[in-house]
Amino acid sequence: MKISDVIIIGGGLAGLMAASVAANRRQKVTVLTYGSGSLPLASGAIDFLNTESPEAAIKNLPAHHPYKKIGVKNIDTAAKFFCHITSQANLIYNGKISAQIPIVTAVGTLKYSSLVPESMNATKLKSKKKIFVANVKGLKDFYASMLVDNLKKYFPDKTFEIAPLDLNLMGGRDITCLSAAQILTGNEKILADGLKKLNATEDDAIIIPPILGLEGNISRAEVKSQIRADIIETTCLPPSPPGIRLQRALMKYLQKSGVRFHENSKVIHGTAEGKKITGVIIGSGIREKFFPAKKIILATGGFYSGGLTMREFDNPKEPIFDLPVFFPTGAENWSNENLFGDKPQGFSMTGIFTNDNLNPVDENGKVLYENLHVIGANLGGVDFIHEHSAGGVAISSAHKAAMI
Amino acid sequence: MSDATKAIFTGDRCLSCTACMANCPVMAAIKEYRGPKLVGPAHGRMHFSQEDVEESLNYCSNCKSCDRACPAGVAVSTLNMLQRAEYYKKHKQLRHENMLAHGERMAKLIRKMPFGAKFANVGMNVGKFLGVFNALGLAGKRNMPAYASTSFKNLFPKIRQAPSNKKVVLFTGCYTNDNEPQVGEAFVKVMNANGCEVLIDEGFKCCGSPLVVTGFLDEARQNADNNVAKILNWKRKGIPVVTPCTSCSLMLKEEYYELFGEQEMREAAENVYDAFEFLEILQERGEFNENLKSLNQKLLYHVPCHLKSQAIGLPAANILEEIGGVKVQTADAGCCGISGNYGFHKDKYEISMKVGEKLFARVKKKDFDKVISDCGTCRMQIHHGTDIKPCHPIEILAEAYQ
């Protein structure tokens, strides 16, 4: 087997981004994945930090924070590169790391993110007179009246109207947003016709669940060309079409670039010569298979995806390279009762510590492997969910690791 | 085997994350299928504790996209197939299901008649024309696979090979044997060029894949026991069993064990190789014959679902790129839709063609010299959907050894 310039372990947001950056450098890239990653469950919006200007806030973070190791300039470059490659798949993202854009959640609250799919950008809501909210017949997990009740709190002076919409979704399984997006792909007319009946004008907005197809902007453009009002998609429960669009956009870029992408390929360990990893072994087939590489990027994620494990309490493991894992000691620091409270969760801070090149280090800060780079949710010391930085850390650490 | 590794218990690992739904090609094509998560791990566990039929189970094509999407190692499609077998314990298979499950039996019958293959082919054309297929429940718009005038096993004794200490047993698979014996001939040529003498084991039966998907699980088990015993015989002699068919190899390597859970199935699996996986291992050992003629061909490679499930990378692409002037581009267009005998059922034909749309569009771009795919039914589907006839990658390699 020919040696890869870089092997990326993991096919989530961080892994796909790292592969895209490496492919853009015309490197020979191999991606090894086990399971399809969590993008089909994700909102598609990329948060950097939960503050008006993440760019400004990054400067005040503690030195051990991954953003400090990546550097503001690199984070900005990563965000721009991300928008560049997704736009090549006709998936337009708005935003920058120095600002935030509002999006409407499925329950009608506003949430702010730095990079937002254009279809979900709700900035214009504040300048609209009337807001229609589609109530799609037969669609699971989307309650227009609840959405309106909550959104009214943000926009008390606006007129709201619930718009019943029959998209002929009934007569089969229970319909999720994914199913609706699948059914509407190529049948956009039924949605456009339904929305036309609202006679909405440029002064109005129509809020719909994220059902505008699964391939970039194709279905949206088709509907939009026939409707004068702005159409704004919300987030939804998984499976999530905006997350799937993002996954497909990145995959398209990898495929176009000739990246070798192997599914069902669980890496079980690496081989090393001194401080250099020479390759990895996959063990999900009937016999082990060796993939040689000059460089490895570890993007297997945290506890949820098995990138980190904890079989014994107080003894977290990174199962492939057996890297040291940072972990807040003492059971009292492990979690706090208030799950979505104002303090981070200790268990969520578990992960690997690195130097500025994202090489894993031991407790003395000594580099363990010079050609191994750790990115995304594998990184430790920060509760990404609490600080709303999972997406931002994923793409910016991926970009930095792939550029080294 | 420990309970935790049995397919039926992998359902307990399901987190209901819906990754399988996002990747199921049948769900994308129709709204009647409730999808892998609900039909497999969710309903599967209920079903095995009490009798309860989930009607839409019928729509699963066993392409295994769900298994590959699952981050938790749930054997989703196998759970579906086990439930299907339960269903058919109390319901009789329809006539066309019986036919599609027993391609091997049918071919054997036909070959016992003088000029049987020829008449059968004429019969199939007439049958299609008169609408007999439709009436039987077969996809009337589709050609049934045409029988080769001589099966590979009848042709094999006439192939002259130099004797060698290095031997491999070819598991031909039904499609290579009865429909495309040229794939078997190419296999022999390639193995001979690499210093391996090819043997045939007349005792092998159909791997059982078409039986499993149509609910004939007991019969599939008989075939499995027969084949596993034979494979273990060859293993004791130190001779590997190699097959150019990726659905056969998946069955022999992984599905027997997943479905039936006998330790000897795992032991036999260790002696089974996909053809290009075997060649790539030779290459890693420095034993691959690199004396290849330049071909100057751009190849579009449709990677079969059942190859993607094997965790062996893309050995055919790697090996073919050793040929001077050959460039391999993967089609990256998902499942072809036919999934074994799925697309041959009349009521699945439209679904199978809808699933294949993306691949057909990719192939119709015609920016290549040839389309290649390791799977016989994938090749049939591509041919049917595009009028472009693909070949097995081993036929390209055989050409380069001339």
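Which side chain of chain B meets A:E263 in a salt bridge? I looked this up before anything else, keeping in mind that the model is predicted. The partner is B:R68, and I noted 3.5 Å from N to O.

**Entry on the interface.** I then turned to the whole boundary between the two chains. Across the interface of chain A and chain B, the rule finds 6 salt bridges. I also noted 13 residue pairs in polar contact between chain A and chain B, both residues of a pair being at pLDDT 80 or more. On the chain A side, at least two residues each come from helix 6 (177-184), helix 9 (241-256), strand 11 (260-262) and strand 14 (289-292). I recorded the make-up of that side as 15 nonpolar, 13 polar and 7 charged residues.

**Entry on extent.** I found 35 residues of chain A in contact with 45 residues of chain B. The area buried between the chains is about 3200 Å², and carbon and sulfur atoms give 49% of it. In chain A, the residues that lose the most area to chain B are A:R173, A:I286 and A:R287, together 23% of what that side buries.

**Entry on helix 9 within chain A.** Helix 4 contributes A:F81, A:F82, A:I85, A:T86 and A:Q88 to the contact, and helix 9 contributes A:L246, A:A249, A:L250, A:Y253 and A:K256. I noted these contact residues as 7 nonpolar, 2 polar and 1 charged.

Technical notes
Residues numbered from 1 in each chain as written. Chains lettered and ligands numbered in written order. Predicted model: local features only at pLDDT ≥ 70, side-chain atom pairs only at ≥ 80, totals over all residues. Heavy atoms only, no water. Contact = heavy atoms within 4.5 Å. Buried area = accessible area lost by both parts, 1.4 Å probe. Salt bridge = Lys/Arg side-chain N within 4 Å of Asp/Glu carboxyl O. Polar contact = N/O pair within 3.5 Å; in protein donor to acceptor, adjacent residues only side chain to side chain. Helix = DSSP H or I, 4+ residues; strand = E, 2+ residues; numbered from the N terminus. Nonpolar A, V, L, I, M, F, W, Y, C, P; charged D, E, K, R; others polar.
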